[in-house]
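Hello,

I am passing a structure on to you, together with some notes on what turned up in it. Have a look at it first, and then read on below.

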Amino acid sequence: MSSLGLFIIHQVTIDVNSPEAGVIQEFVAKEGDTVEPGTKIAVISKSAEGVTHVAPSDEKSSEKAAPPPPPPSVEKKEKPKPKVETTSVIEKPKETSSPPKLSATEPQLPPKDRERRVPMTRLRKRVATRLKDSQNTFALLTTFNEVDMTNLMKLRSDYKDAFVEKHGVKLGLMSGFVKAAVSALQNQPIVNAVIDSDDIIYRDYVDISIAVGTPKGLVVPVLRDAGRMNFAEVEKEINTLAKKATDGTISIDEMAGGTFTISNGGVYGSLLSTPIINPPQSAILGMHSIVSRPMVVGGNIVPRPMMYIALTYDHRLIDGREAVFFLRRIKDVVEDPRRLLLDI
């Protein structure tokens with residue numbers, strides 16, 4: 001026999017292999033005994049002399065060997081244990097292999113050595129704070145319309161030389177929109193008002209802020225009493241403030257206040273946008289690029305220089321009716337500047 005019978009150790013049935021070949025001469029431990037690892041359980045005889053002496057014990061062992069047939073099933077139970085261990089060993093590599101899958105996405109991120117961290121300027125931080133406050137405070141809503149720029153552009157083309165000769169400044173489109181905005185604010189004074197706690201403050205003057213983009217950020221200088229200015233005065237003041245803003249010499253006082261803002265994204269090629277209110281104002285007008293589009297005029301399809309205009313307003317204060325009427329007035333005045341002369 002090269003192996004002994006099955007013995008129960010700590011309630012686990014296992015095979016105990018003989019350290020050498022021979023015949024069992026004597027059992028030291030009885031079947032069913034619980035023994036510690038390393039304990040002597042039998043005496044092995046290397047010669048055949050003990051065969052006759054051990055015959056009875058062989059019978060006993062043969063009788064006791066009857067139980068061994070079941071052990072195969074027990075052995076089968078034992079075999080899964082290594083499988084369980086190998087399974088757990090297989091699972092561990094899966095866990096270790098999962099991080100590489102996640103790390104595989106890391107190369108898609110830009111390397112840190114190709115990024116630069118630059119402190120925000122005071123101007124940029126101030127602009128960011130004000131615009132975010134605007135989003136958090138106002139009930140922002142935007143309405144749109146389109147303007148046929150034919151007549152205003154013709155007016156500028158017809159009188160640009162005479163205008164420069166007399167006033168020393170070019171006639172632009174911005175002065176036409178400023179005058180149109182003044183007229184619209186006078187027709188719809190709620191757009192020029194502002195909410196203060198539980199009150200509404202109506203302002204009987206018109207200070208129009210003009211958004212100017214500079215290399216250092218967005219600044220909004222103010223045209224004081226724009227309602228009292230003519231076209232030449234508006235153009236001169238815009239040019240002066242824009243130059244100061246670009247040079248960085250504009251003062252805080254020249255940017256403080258304002259009751260309404262005009263932003264011209266068209267100079268950068270913007271076709272359509274939803275501008276954000278400049279607090280503590282209640283509305284802002286957005287101008288956009290001029291694009292030649294087919295329009296129906298007098299029953300005929302003709303190309304026209306068209307511009308989309310947008311009005312973002314505080315819906316807590318201004319109803320949709322007033323906002324649409326305001327934008328309609330802008331459209332009417334720009335499309336027919338003679339209305340300003342006749343006040344109609």
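Helices (H or I, at least four residues) and strands (E, at least two) are DSSP runs, numbered from the N terminus. Before going further, please note that this is a predicted model, where local features need pLDDT of at least 70 and side-chain atom pairs count only at pLDDT 80 or more, while totals for chains, interfaces and linings use all residues. Residues are numbered from 1 along each chain as its sequence is written, and side-chain values use heavy atoms, with hydrogens and water left out.

Pro280 is joined to Pro279 by a cis peptide bond, with omega at about 10 degrees. Most peptide bonds are trans, and most residues other than glycine have a negative phi.

The loop between strand S12 (260-264) and strand S13 (283-287) also holds Asn278. Asn278 is buried, with a relative accessible area of 15%; buried means under 20%, exposed over 50%, and partly exposed in between (1.4 Å probe, protein chains only). Leaving aside residues up to four places away in sequence, Asn278 touches Arg130, Ser209, Val220 and Thr261, where contact means heavy atoms within 4.5 Å. With Arg130 there is a polar contact, side chain to side chain, at 3.0 Å. A polar contact is a pair of N or O atoms within 3.5 Å; within protein, one must be able to donate a hydrogen and the other to accept it, and residues adjacent in sequence count only if both atoms are side-chain atoms.

**Two positive phi values**

Ser197 is not a glycine, yet its phi is positive, near 60 degrees. You will find Ser197 in the loop between strand S6 (194-196) and strand S7 (199-201), where Ser197 is exposed, with a relative accessible area of 64%. Asp225, another residue that is not a glycine, has a positive phi of about 50 degrees. Asp225 lies in the loop between strand S11 (222-223) and H8 and is partly exposed, at 33% relative accessible area.

**Helices**

Helix H7 (residues 174-187) and helix H8 (residues 231-247) have axes that come within 9 Å and cross at roughly 115 degrees. Axes are lines fitted to C-alpha atoms, for helices over the stretch in contact, and angles run from 0 to 180 degrees between N-to-C directions. On the H7 side the contact is made by Met174, Ser175, Gly176, Val178 and Lys179, and on the H8 side by Phe231, Val234, Glu235 and Ile238.

Helix H9 (residues 320-335) contains Arg328, which is partly exposed, with a relative accessible area of 43%. Arg328 and Glu146 are 182 residues apart in sequence, and their C-alpha atoms are 9.3 Å apart in space.

**The chain as a whole**

The chain has 10 helices and 15 strands, and buried residues make up 33% of its 344 residues. Of the contacts with a separation of 6 or more, 61% are between residues 24 or more positions apart.

How confident is the predictor? The mean pLDDT (the predictor's confidence in each residue, from 0 to 100) is 82, and 77% of the residues reach 70 or more. Over residues 1-13 the pLDDT stays under 50, and the model has 38 contacts beyond four places in sequence for them.

Best wishes
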